[in-house]
Amino acid sequence: MSKTKHCEAVRVVVRCRPFSKRERAECENILEIDDKLGQITIRNPKAPPDEPMKVFTFDSVYGWDSKQSDIYDDAVRPLVESVLQGFNGTIFAYGQTGTGKTHTMQGITNDPERRGVIPNSFQHIFTQISRTQNQKYLVRSSYLEIYQEEIRDLLCKNNNKKLELKENPDFGVYVKDLSAVVTKNATEIEHVMNMGNQSRSVGFTNMNERSSRSHAIFVITVECSEVGPDGEDHIRVGKLNMVDLAGSERQSKTGAKGKRLKEAAKINLSLSALGNVISALVDGKSTHIPYRDSKLTRLLQDSLGGNAKTVMIATVGPSHKNFEESLATLRYASRAKNIKNKPRINEDPKDALLREFQEEIARLKSQLEEQGMLAKERRRRRNSKRLSKSMAGMEEDIFKESLTEVWKAVQEESEVKHYTKEGSDVPKSLTWQGSSEKLKPLNEHRKSMEDMQWDQDALEKIIEKYKTMESKLLVGGKTIIDHTNEQQKMLELKRQEIAEQIRREREIQQQMMLQDEETLEMKETFSSLQQEVELKTKKLKRLYNKLQFVKGEIRDVIDEHVITRQELEQTQHELTRELKYKYLLIENFIPPEEKNKIMNRLHFDSEEDQWRLQPGHSIRKCAWQKINSPVDLQ
């Protein structure tokens, strides 16, 4: 199969949420959406009326009345199709806290109309697998979160365990000891997601009652085995990363304090690192891309400028109170649109789990065949024994009949009558011999029954293991029940064609708008000097407006930089106060010898870029509890 080597831009989609109940009474709308042209216009509520509004163009734009299915069909469905073909894919939602990122990504699972990107992708993947022929699939899923720059496994019971990032030249950056669950249908994988959501870190802020306090990444790995033209099995592995980023926050609006302030600082730090990576990739002059500045950017390294197809869903709010945040999100998304990835099909990778499954199944099959041959041999031997036993039984019956005739003849003699009255051992010995002959085949039968039982138990264990291993493999059109008929399949194909056609029309219109001005300038002819002056005056005014727009952009960027710096300074001040308090506790409540022990145990982990404590004697628990307890200094 050919591998795609051309560059592909990150696809950016913007979605605007509706007004909340609180905003309807006191807020005005600052956004205008043109979904046909893929444009969104934002108005500065503090600017004078004659100031031009800012216009951003994206691959797709959706208003507050958009449906979950529309976004999935347009932006996500082609990406999931690519993953099933063996490409890596990433979908991530970015935006201010409270703008609907989690709703877009997860939605309400039980409601088909309001299901988000993640549950819709579950249905899509397993439906497509059920429609394939002569292909075997293995689907596994993992779920992790990055909370305060620490990676946690949401599917592990002990989710407080900190996982480490590792890098391998064969398959890139990965999380060591991250659990993976093999799933066979959409119901099972939804259960996995729900289990992980129960462990996710959320909290209350002034912007959102259930604000995500961590970045969550749900990973689906789809392995496909297919016989190639050479008659050999070839494996393709596609990985789908679905990322629900925590929202960017400003402490003045969220009212974060104590633990929430620490969380917000870490969230903003990782999002700032993500922005720096995007800027460095778009710049084209940067020789170094700062992927290692945060764990989020390291995990998304392939998704940003690497081997993946990427879709970014930027979410904004329509309220004038969130003008700065919405403008920052739109600028962020506009920069991301210029990132170029180099996706390729992952064929026959070294870490394919499907190959291990197939080898194990083949081994169990050979064991079953061996057991089957042995069972046939044992059945043949048992049949021959039964035949010999039946022949022996026939001889015994003939002997008994002749013995009875002799005994009757003897009874007629009076001498025998007397002999029997006195008592004799002859009939007893004959009876005993008959009994021993009867018991002998019975003991042999018992022994053969015990051997049969042991063989049966061993065979059942192998069969059970074989069925368990094979049940994890999904065979297209065979092991998954096809829930849709042929008409529904055709309907989905038509919907996909319509979405693709709309996307192409939007791209053509955007290209035509860019080329209109150049074309008009080339075709301009003047009948008089006065007409030339008028047209060039209009052109000059148009260029002057563009100049004013660029100057306004520069002012906005400077103002945004000043506000961001003030927010960072305020956060730094809060964290410094807390650090001083902890130093105060250390100096006054921890003995110097204990403090020296701790200092001697410290070592810097260059790979994780942080300080760690080497194993040693535990220090006083009460002192550490005091150090870690929150406080509010005046």
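Colleague: What do β10 and β11 form, and how many residues lie between them?

Modeller: Bearing in mind that this is a predicted model, β10 and β11 form a hairpin, with 3 residues between them.

Colleague: How do you know that strand β10 and strand β11 are joined?

Modeller: Pairing requires at least two bridges between the strands, and 4 bridges join β10 (residues 165–168) to β11 (residues 172–175), the two running antiparallel. Among the residues involved is Leu165, whose bridge partner in β11 is Val175.

Colleague: Why is Ser60 called buried?

Modeller: Buried means under 20% relative accessible area, and Ser60, at 0% relative accessibility, therefore counts as buried. Ser60 belongs to strand β6 (residues 60–62), and, leaving aside residues up to four places away in sequence, Ser60 touches Arg11, Val12, Val13, Val14, Asp74 and Arg506.

Colleague: What makes the pair of side chains from Ser60 and Asp74 a polar contact?

Modeller: The cut-off for a pair of N or O atoms is 3.5 Å, and the side chains of Ser60 and Asp74 make their polar contact at 2.6 Å. From C-alpha to C-alpha, Ser60 and Asp74 are 8.3 Å apart in space, with a separation of 14 residues in sequence.

Colleague: Why is Asn134 called exposed, while Gln148 is called partly exposed?

Modeller: Exposed means over 50% and buried under 20%, with partly exposed in between. Asn134 has a relative accessible area of 70%, so Asn134 is exposed, whereas Gln148 has a relative accessibility of 23% and therefore counts as partly exposed. Asn134 is found in the loop between α4 (117–130) and β8, and Gln148 in the loop between β8 and β9 (150–153).

Colleague: What makes phi of Asn134 and phi of Gln148 worth a remark?

Modeller: Most residues other than glycine have a negative phi. Phi of Asn134, however, is near 60 degrees, a positive value, and phi of Gln148 is near 50 degrees, also positive.

Colleague: Which residues touch the most other members of the largest nonpolar core?

Modeller: Of the 43 residues in this core, they are Ile40, Ile42, Phe58, Leu245, Met312 and Leu330. Several elements each supply at least two residues of this core, including β4 (39–42), β17 (309–316) and α9 (323–336), and the largest share, 6 residues, comes from α9.

Terms used: Residues numbered from 1 in each chain as written. Predicted model: local features only at pLDDT ≥ 70, side-chain atom pairs only at ≥ 80, totals over all residues. Heavy atoms only, no water. Core = buried A, V, L, I, M, F, W, Y, C linked by side-chain atoms within 4.5 Å. Buried < 20%, exposed > 50% of the residue type's maximum accessible area, 1.4 Å probe, protein only. Contact = heavy atoms within 4.5 Å. Polar contact = N/O pair within 3.5 Å; in protein donor to acceptor, adjacent residues only side chain to side chain.
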